[in-house]
Amino acid sequence: MDILLMKKIFILLLIITNISFAFENCLKIFKKEKYLQAEQCFSQINQADPLYPYALYYLLRTRAYAEKDYSDLLPEIEKFKDTAVYSYFYLYLASINRFKNPELALEYWTKIDKEALFKDDIPFYYYLRYEIGRELNLDTTQIIKQITLNYSYNRYYGYPVIFENIEKLSSDEIFKIIDKLAAKRMYTKGIYLLPYLDNSQKKYFYSALLYMKKRNYHKAEHFISMLEDKYKASAIYSYIYFQRKMSDKKRYFKELLQLNDKNLIHKAANYLMKKSFYLQNYSDFFYYSRFIPENSTYYSNRIWFMFLYKYINNKKLQAANLLEKNINLFSEKPKIYYWLYLSYKDINRAKAYKYLKKAASIQKMDFYVIRAREKLNLPLFKEKTVLVKSHKSKTLNMISKLKQIDYKAAYIEARYYMKKQGVEFIVDVFPELAARKFASKKYLVRYSYPKPFTQYTKDNFVYAIMRQESFFDPYVISFANAVGLMQIIPPTARWIAQQKKDKNFDVVQLFEPSKNIEYGIWYIKYLDRIFEGNIFYIAGGYNGGDGTVRRTLKRYKIKNIEEFVELLPYRETRYYVKYVYRHFKAYETLYRNN
C-alpha cells in the first residue's frame, strides 16, 4: 500500500477517534449539570461526527435550560428522521411547550414515532398528549382509555389518570384495569378501585382474589362467603392455589367438591396431587389423584406422577409398564423415551437402548434429546446456517459509536433500526438484540447464541444463564421484580453488595450490563463453591435458591441428574435447569475453540 495513503487513513482514524471522545467528554459535562460548558462543547461537534444527531439533542436541552433560542436546530434534526433520537428530540420539545404553547406542543407531538420510544417512555408519550389535549380543551376520551387500560401500572403517568377520569370509565374497564394492576402485583392499588364498582358477584370475586394475593386470607374468606355458583367455585380454586397452609388448602378442596364444578375439581386436584408428591405426603398424593379421571386434561399428569412414585420406590418395571401403556398421552416424547430408558437400563438393556435411540432420534432442541445423544456419543445438535450479509450505513455507524458511550441510547436506536430495516441489518452491531429473532426449536442457530458482553465475561455457563434469564435484554423486569441481564432481585443484589463491600451500590445499577453481569457472576461463583462445580445444582440454585436444591438432595437418594431435575419441587426450576443446560451445550458446541 502507498505510504501516503496509509498516512491519510491513519490521520482519518485519529480524527474519528477524537470526535467520538469529544462527544463522550461533552456528555460527561452535561451529566455534571454544567449546562453552559456542555452547550459550548456540543456546539463544537460538526456534521461529520456519527454522533452529531445526539449532539443536536443535547444542544436542545442545554439551550432550553438556559431559555435560549433553539430554532436553528429544527432544520438540522429533520435530516435524521430515520433515527430514534429524532422522536426523543420532539418528545422533549412537546414536553417543555405543553403549558406555555400547547398548539406548538401538539405539532411537535405529532412528529414522534411511538415505535422509536423505549417501553418505559411510552406512558409519558400518551400522558403528554393527554395534558396537551386538556390545555386545548380537546376530546381526550380515547387517550384516557389508552392510558388507563394499558398503562395503569405506571405510578406517574398512568395510575393518577384513572382517578382524574374515574367517572368516564365503565365497570368493565375498571375490572380490566384491576387485572392489569394485579398482573404487576399492584394489589393494593387494585383494592383502591373497588369502591368505584357497584356491588356485584364479580366485585366480590375480585375483592377475594386481591386480598388472597396480598395474603390477607381472613378478608379473602369473607368475600368468598358472599359468592355463589361459578364465582364461588373459581374463588375457592384460587384460594387453594394462593393459600400457604396445606390444612386450609385441604379444607377448601372439600368445599369445592360440594360445588360439583368438575373442571375446577380436576384442576385443584392436579395442583394438590403434585404439591403432596413433592412434600412426600403420599397418602394425600393418592387421595387427590383419585379426583383426576381418564377423561380429564390432567390425566397425563396423574400418570406421570404415579410413574415417578413407582420409580423412586424401586418398582421400575411397574413404572415402565405404566408409562408404556399410556405413552400416547404425552406430547414431550423425548422425556418419556429417556425415562423409559432409565427404567429399563438395569432390567432389560436391549429395550432400554431402543428407547434411548428413540429419544436421540427426535429433531428438537431439547434437554432429553441432548442427554440421549451424549450417552450415544452422537452430535448434540443439527446446526442451521443462516446467511446474513454485512451492512453499512450512517445510522449503524452512529449506533456502533454510541454503544461505547451510552449503551441504553444505543439499545433504543438499534431496536428502532431493527424494526424499520429488519433483524439482519442489526446483527453485526447489536447481536444481543437480534438473538431472540433467530431462535429455533429444532436447530442450533449461531446468531441465537451470541456473546455480546465479552469485555465482562467469556464464560459459556454465564451466557447460558444470561440467555435463559433475560434473552440479553438489560432492561427487563420479571414478575418477581428480578432485574436486567442476569435477573437479580433487589434483596439478593443488596446482600451481594454487602458481601463485596460495595458501599456505593444502588439498585438502579442493575440495569447497567457491567454491574448486572458482575453481580450475576459473583452469585454463580458463590453457588459453585456450595455445590462443588455441579452445573445442574448451580442452575437450580440460581433459579430456585440453594435451599431448594439442598432439600431436594436430602429428600431423595438421587442417582442421576435426570432424577434431580424432575424431583425439584417447582415447575419453573425444573424447566429452568433443562433450558440452561441446553444453552450451555449450545455455547460449548459453537465456541468450542474459544
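Colleague: How many aromatic pairs does the count come to?

Modeller: The count comes to 79 aromatic pairs, where rings of Phe, Tyr and Trp (its six-membered ring) pair if their centres lie within 6.5 Å; planes under 30 degrees apart are stacked, over 60 edge-to-face and the rest tilted. This is a predicted model, so local features need pLDDT of at least 70 and side-chain atom pairs count only at pLDDT 80 or more, while totals for chains, interfaces and linings use all residues. Residues are numbered from 1 along each chain as its sequence is written, and side-chain values use heavy atoms, with hydrogens and water left out.

Colleague: How are the rings of Phe205 and Tyr231 placed?

Modeller: Their centres are 5.8 Å apart and the planes are at 50°, so the pair is tilted. Phe205 is in helix 12 and Tyr231 in helix 14, so the pair ties together parts 26 residues apart in sequence. Helices here are DSSP runs (H or I, at least four residues), numbered from the N terminus.

Colleague: Is Phe205 buried or exposed?

Modeller: Phe205 is buried, at 13% relative accessible area; buried means under 20%, exposed over 50% and partly exposed in between, with a 1.4 Å probe and protein chains only. Tyr231 is partly exposed at 33%.

Colleague: Changing topic: which residues of helix 27 are buried?

Modeller: Pro490, Ala493, Ile496 and Ala497. They cover an arc of only 115° around the axis, which puts them on the same side of helix 27; the arc is that of the directions from the helix axis to the C-beta atoms.

Colleague: And which residues are exposed on the other side?

Modeller: Pro491 and Gln498 are exposed there.

Technical notes. Helix = DSSP H or I, 4+ residues; strand = E, 2+ residues; numbered from the N terminus.
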